[in-house]
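Hi everyone, thanks for coming. Today I'd like to walk you through one protein model, taking it piece by piece. Have a look at it first, and then we'll start.

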Amino acid sequence: MKPIWLLLFIWVNSFPVQGAHRFVQLSGSAGLSQNSVTAVVQDKAGRLWIATRDGLNLWDGYRFRVFKTDPSDPASLPENQINCLAADTSGRIWIGTQGAGMLVYHLSTGRFSQPVSKEKTGLNIRAILISSDSRLWIGSDDQGLVLAETSGNVIRKFSTGTGPGQISHPRIRSLTEDRTGAVWAGTFGGGLNRIDKQSLGTKQFTSGPGSFLPDNRIWSLLAGRDGLIWIGTFGGGLVSLNPESKKGTLYFPDRSQSASGNIWSMMEDYTGRIWIGTYGAGLFSLDKNRDKLVPVPFSGQSGRAKQESAVFCLFADRSGMLWAGTETSGLFRTDLKPNRFDLLNNETVPGLLPHPGVMSVLEDRDGQLWFGTLGGGLSRYQPETGKTVHITRENQKLSGNFILSLLESDGWIWTGTGSGLSLVNRKTGQVSPMPAFRNQDLSPAGQDIRVMVKGPDDKIWIGTNGGGLFLADARAKFYTRFRREDSGSGLLSNTIRAIASAGNGSLWVGTSQGLNLFTPATGVWKAWTSGPEKSGGLTDQEIRCLYSDEKNKLLWIGTPAGLNRLETETGRVTHFLEKDGLPNGFIYGILPDREGHLWVSTNHGLARLTPATGIIRAYDETDGLQSNEFNGGAWFKSDSGRLYFGGINGVTAFNPGEVQDNPYLPNLVLTDFRILNQPVPGAGDLAGLKQYTLKPRQTMISFEFAATDFTNPEKNQYRYRLEGFDEDWIQAGTRRFVTYTNLDPGDYTFRVSGSNNDGLWNDGGLSVYLIVRPPFYKTTWFLALVLAGLISAVYFFGKWRQSVKERREKERIELLRQVTIGVLHEIRQPLQIVHGNLDILGLMDQDPDSGMKDPIEKATGSVNRIKNLLRKLEELLNDAKFKTKSYTRDQQMIDLTGDNE
């Protein structure tokens, strides 16, 4: 069927840059191994893998880890030039190289391998597809198309030809799978091929008469969620193909630039918008209605575009970020989620502001925007037409070019300058002369107009910088002046920066010396000045802005030293300071939204305060503000509820209800693990680390971690806890590292939870189980051995002491025996003499009547008994049992008297 051709001529200068995307650039200066980025994928842990022509890079949101060829390591990356990447569900990264075939990175080991030989796949891999049935489709520049299992087993190698099951050309440049499961292969020179996954049958499409293909050189393919197949050709533009009707629609970004027909890369975001990267004409987008193809400049926070014409690859990560890899400028990222804040300045709307510093803002009833600048006069902008008109002292006789305050009244824009007041016609932009308010009796200070507020009677209250307070009629032909030095005036100062209605005709007046409440009907003035909170004092006497919440009987007061809430009935003042969550204490403006929040501009961003809870949410330049520094007087709320805050680089405009927090819940990954300040050997890829055992001397460990939300990584927050060591969670803020020293032996679990840039926490986080081994002298076996040794030592020491005691006792007994035996010998000799003498006396005394016989016999018997006793004692002392102390107390003692004989 004949295709339908649609030619869209879209020119760069018609692009509505007000909603332009802001890009952040990551290049070699940030650690990228090389600035030609050919592919980007995201692994299951949430990290990004970036292929370049000189190495593979792993990005964790903060820094790059680079993989390159290491001749000394056979498991390292064998080729530094990477053409394509793919990630599977198991965490492996498949890598197509220029010259070394296809490789795979294993999360479990942190090593590279080659499951399919390069002889089977070819040397130059240009496309890798992991289909829904978890099979590998590999396209090369020299071996055509190969189908394999992830284990490495080759299922089929498709031959080249026009027959069934063949492909049209061996040079495969792109692969995609449609929602029916069919695989499409784009060739460089042979057109398009459709492969049925079940039968592996093929169908070929080539350019020519009646064909939807404008060129047979196909560089990129994309299967849309709506069923369309998007075909990027080299020179022929972009084609969307309806596979059922075989009808094609041609999109050519810009016929005036032939390079814009070189469609190098494509991607579909979550809204259905198609992003197109060209070789030579930069980046384009096609909205979901498929009727508007527009260029997208790589502009940064300032809105200044970077020149980069070749976009090699496009990728959308899970957090809603678009990544664009370029030929010479590295990698760019931008947030695909709706902008919270719109930026209005010369970069987003060329020629909008004659000076970047905006001192006053107003949206009139016609929807026109009026911006008062710091020395550049007044700018009127019509958003519907994009038309801008500048009104200055030189071209319209404006009273001054420093526009410090704006007010709409009766078709006129009251313009307060540093040199007086002018009225500008809302419709024509013409300036009306102000003779009355330029009266000669006004001092120069009275002409420096800082604030204007319409009263309930349509009269205008005007505050000046040193000239006091004025009340003017609708055309400023007449006025009443109030000054500090006037009789009856209780005005604290003639320098007035803020005015607000207090209800019942009263007026709040903020001066440089405090706050006044003025009731014109009675002429009564009441004052509040700075002082301690307990005494009802303000944080500073200089009042910069006021917001009167008459419904809740509250007055909000902005000062250079914080925000104050005055309860108007009781006079009680509550302070809100940086310690309470304000990004900065210098308050420039206060605006309420329809949800009851207060928006406060400061010197360091915007703050949203919820009065009911006191919760403060801060936003800064990285969230899309014009800058961190705002200006006094440059704040306005339109009838539609849209808020405007001006600062040093234009205006931040937004609808508060559209400022939504980032809903993405990030993963947590370890990015570094060190022991004694050295990388841990053998830990594999840290994203897969679940457990580790520490040796006894490994007394210091460090962890580094990251939450994989790349919206604004600098704002991601962290908390951690080492269970078994920390009693509670440690709130680390944006710090993402921790060090522990001198851990006792035992089991620990290190846990980390983190948030995205808007404070949405992943409480599950990550955990690593740690085992700290004790030194050998603290192990159970060593302690048991020491105990056994001690018991043995005590036992053998007791035995030794006993043996020593017994030996000493034996020596004592032996000594006693020897002494006793010697004494016995000494006694025995005189007894022998006595016994001999008794025998002689017996022989000499033969007279029976002499009476000597009996005494002699008794003496002889006694001597014999003593001799016998001495003999038995000597035998006892010489007995072996006595020598070994075998006699005990319970043994019967030997009778030495001889009575037992």
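Let's begin with a term: two strands pair if DSSP finds at least two bridges between them. Helices (H or I, at least four residues) and strands (E, at least two) are themselves DSSP runs, numbered from the N terminus. What we're looking at is a predicted model, in which local features need pLDDT of at least 70 and side-chain atom pairs count only at pLDDT 80 or more, while totals for chains, interfaces and linings use all residues. Residues are numbered from 1 along each chain as its sequence is written, and side-chain values use heavy atoms, with hydrogens and water left out.

First, the overall picture. The protein has 67 strands and 5 helices. Of its 901 residues, 52% are buried, where buried means under 20% relative accessible area, exposed means over 50%, and partly exposed lies in between (1.4 Å probe, protein chains only).

How many of its residues are buried? In E49, 6 of 6 are. On one side sit Leu 554, Trp 556 and Gly 558, and on the other Leu 555, Ile 557 and Thr 559, so to speak two covered faces, by the definition of buried. E49 pairs antiparallel with strand E48 (residues 545-549) over 5 bridges, and there Leu 546 has Ile 557 as its bridge partner. The hairpin of E48 and E49 has 4 residues between the strands, and Lys 553 has a positive phi near 55°. On to strand E50 (residues 562-567): E49 pairs with E50 in the antiparallel sense over 6 bridges. Thr 559 faces Gly 562 there, and 2 residues lie between E49 and E50 in their hairpin.

E38 pairs antiparallel with strand E37 (residues 412-417) over 6 bridges, with Trp 412 opposite Asn 425. Strand E39 (residues 431-432) is joined to E38 by 2 bridges, again antiparallel. In the turn of the E38 and E39 hairpin, Gly 429 has a positive phi of about 80°.

Next, the cores. A nonpolar core is a set of buried Ala, Val, Leu, Ile, Met, Phe, Trp, Tyr and Cys residues joined through side-chain atoms within 4.5 Å. The largest one has 32 residues, and Phe 673, Ile 701, Phe 703, Phe 705, Phe 750 and Leu 770 have the most contacts inside it. Strands that each supply at least two residues of this core include E59 (668-675) and E67 (761-772). Another core, of 15 residues, lies apart from it, with Trp 49 and Tyr 105 among them. In soluble globular proteins, nonpolar side chains tend to be buried together.

Finally, a loop residue. Where is Phe 341 found? Phe 341 is in the loop between strand E30 (331-335) and strand E31 (342-344). Why do we call Phe 341 buried? Because its relative accessible area is 1%. Phe 341 and Gly 624 are 283 residues apart in sequence, yet 5.9 Å apart in space, C-alpha to C-alpha. Leaving out residues up to four places away in sequence, Phe 341 touches several others (contact means heavy atoms within 4.5 Å), including Arg 22, Trp 599 and Phe 654.
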